[in-house]
Amino acid sequence: MATYLIKRFFAMIVTLWLIITLTFFLMHALPGSPFNDERNTSEAVQKNLIAHFNLDQPVSVQYIEYLKSIVQFDFGPSIKKSSQTVNDLLGRGFPVSFELGMVTLVVAIISGILLGIVAALKHNGVIDYLAMTIAVLGISVPNFVLATMLIQQVAVNWELLPVATWKSWKHMVLPTLALATGPMAIIARLTRSSMLEVLTQDYILTAKAKGLTPFKIVFKHALKNALLPVVTVLGALAAGILTGTFVIEKIFAIPGMGKYFVDSINNRDYPVIMGTTIFYSALLIFLLFLVDVAYGILDPRIKLHKKEGR
Amino acid sequence: MEAPKQQDTSFTQPNILDEWFVPKKPNKDEAEAVVRPSVSYWKDAWYRLLKNKLAMIGLVSLILLVLMAAFGPIIAPDSAETTVLQNQNQPPSSEHWFGTDELGRDVFIRTWEGARISLFVGVMAALIDFIIGVAYGGIAGYKGGRTDHYMMRFVEILYGLPYLLVVILISVVLKPGLFSIIIALSITGWVGMARMVRGQVLQIKNYEFVLASQTFGTKTSRIIRKNLLPNTMGPIIVQMTLTVPSAIFAEAFLSFLGIGIQPPFASWGSMANDALPVILSGDWWRLFFPAFFISLTMFSFNVLGDGLQDALDPKLRR
């Protein structure tokens, strides 16, 4: 276990380094300087700016400097919004995005698992088909489409919930719904198929023979094993939700990290794009790592230190 | 006392007459005839796919979508590039079937022109994934050992990169446009295919027919092409069918963020993005049609992929 964790940890560092390097050189390969815009700045000011952002030094030096500052969790200044650093933006936006993401993840997991269980228990029944239709639709309808449809129907036509911003629980309902539907559908399908498999096994028969209530059989005995496949996709789902927040925050005008990220893309504010990408990647890679470890702990049959793929 | 009784019953000869038996005349045609037609793997899969209603719905709507993408702009009553300012933001009518946008352009025509781009992006991404992924995974799986180890380490690292973030990053750097999107989608997209193919090849390469081929001195490239790949075609096709909707989604996502297809070209994603400011004023058709067709396309590819997965799984073959 320990050797596996160490190995996995180093793989994580390498992936992160790759992301940082890729991001850095991609941004530097761009033609023109970030100060070549419509603003008329004198030559002296330009020179000062370039010196201020270390852009007069060779790329290799800049790269080392950037690596150093990243290690210290300093993502650098924003070029377009002077007097702000990427860290400021992260500090302001991330809590909001985190809240949205966590609520979404919890809603998606709970509703997805419940939907999957119901579908499996009523296999080939009306509820099963209904649940799976919802699941297929959930996978097929992109979250930004769902979000705009929800705004139009629920917020504009019926005036039930506020359209945008992020103030009370009422503001959270629509964005969460729009974001959670896709992951929910994936979880529901996985839960259903693995639940169907588990329910045919002997120990479930034993549990029935012991006279346990169906509730106990499902939640105490079957679900434990049926959830393993769900755990494996959690990392990817979290990634999906995280990137999903970009558009959802844009649509609902939520002042989160995603909105700053999209703004920075449209403004071509490279340090912010770089910083946010690296921050998000680190988060995702760490999440994937956690999921792998959790999987190893949950399923005792899997030996983490075993060499794979031979 | 009991034995004779037993003898009585067991030794009673039934009255069998010789005329009951008629020798069968030999019939050459019948002797050689195969009673049931032999069903190849692909035929069998096709029959099973035909029985899957949901997958058939997907297949039929895909065919319709492709036909409409090809001929939709031609059958529309309006011509493609006219921007008549008097026709701004009109709801669907007999003249403009899907209404018009804020420049007076016909949404029906733009929807099908968007379909061309969305479908093209999806299919191209799937094809590039196929070419790179199959070559990479095939070589890694077949060579095995150290080659496989290092090739897969590289894949693992790429696999850890968040897909959409990389796509966004590359789209920002490249000049936005159709080919940048396809490049961005393919740069890490082939990794899943490579992993899958490698796993399959690892399994199949130990079968006897591969050994037989090797004993004849067949070249590696030929073994991969002729022995290994045809036997992994099923999972590869499924993977490709499921790659298309995710590529279409990614394209729509990029265009929605404004870093995908650039005007004057339209894709479903960019049309949805353009429609965002006007939905509050009730111009529902601007959003509804592109959104509906993105969803329909993704739905069709997803159910078709699911159906193919069941149909091509040899374990489910009867």
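**Confidence**

The model scores ipTM 0.74 and pTM 0.76. In chain B the mean pLDDT is 78, with 81% of the residues reaching 70 or more. Where pLDDT is low, the predicted coordinates should not be read in detail.

**Chain A as a whole**

Chain A has 12 helices and 0 strands. Of its 310 residues, 35% are buried. If you look at contacts in chain A with a separation of 6 or more, residues 24 or more positions apart account for 73% of them.

**Helix α5 of chain A**

Helix α5 of chain A covers residues 126-140, which makes 15 residues. From first C-alpha to last, α5 of chain A reaches 21 Å, close to the 21 Å expected at 1.5 Å a residue. Its buried residues are A:Ala131, A:Ala135, A:Gly138, A:Ile139 and A:Ser140. What do the buried residues of α5(A) pack against? Their partners are α4 (86-121) and α7 of chain A, together with α12 (284-312) of chain B.

**A closer look at A:Leu174**

Helix α7 of chain A, spanning residues 169-199, holds A:Leu174. Is A:Leu174 buried or exposed? A:Leu174 is buried because 24 other C-beta atoms lie within 10 Å, and 20 or more are needed for that label. Leaving aside residues up to four places away in sequence, A:Leu174 touches A:Leu150, A:Ile151, A:Val154, A:Ala155, A:Leu161 and A:Phe252.

**Annotated segments in chain B**

An unreviewed UniProt entry places the feature "transmembrane region" at residues 54-76, 117-142, 154-172, 178-197, 236-261 and 287-308 of chain B. Two of these segments are set side by side here.

| Segment of chain B | Helix content | Strand content | End C-alpha distance |
|---|---|---|---|
| Residues 117-142 | 100% helix | 0% strand | 37 Å |
| Residues 236-261 | 85% helix | 0% strand | 29 Å |

In the model, then, residues 117-142 of chain B are 100% helix, while residues 236-261 of chain B are 85% helix.

How values were computed:
Residues are numbered from 1 along each chain as its sequence is written. Chains are lettered from A and ligands numbered from 1 in the order in which they are written. This is a predicted model: local features need pLDDT of at least 70, side-chain atom pairs count only at pLDDT 80 or more; totals for chains, interfaces and linings use all residues. Helices (H or I, at least four residues) and strands (E, at least two) are DSSP runs, numbered from the N terminus. A residue is buried if 20 or more other C-beta atoms lie within 10 Å of its own, exposed if 12 or fewer, and partly exposed in between; C-beta atoms are placed from the backbone. Two residues are in contact if their C-beta atoms, placed from the backbone, lie within 7 Å. UniProt positions are given in the numbering used here, feature names are shortened, and annotations may be inferred rather than shown by experiment. The expected span of a helix is 1.5 Å times one less than its number of residues. pLDDT is the predictor's confidence in each residue, from 0 to 100.
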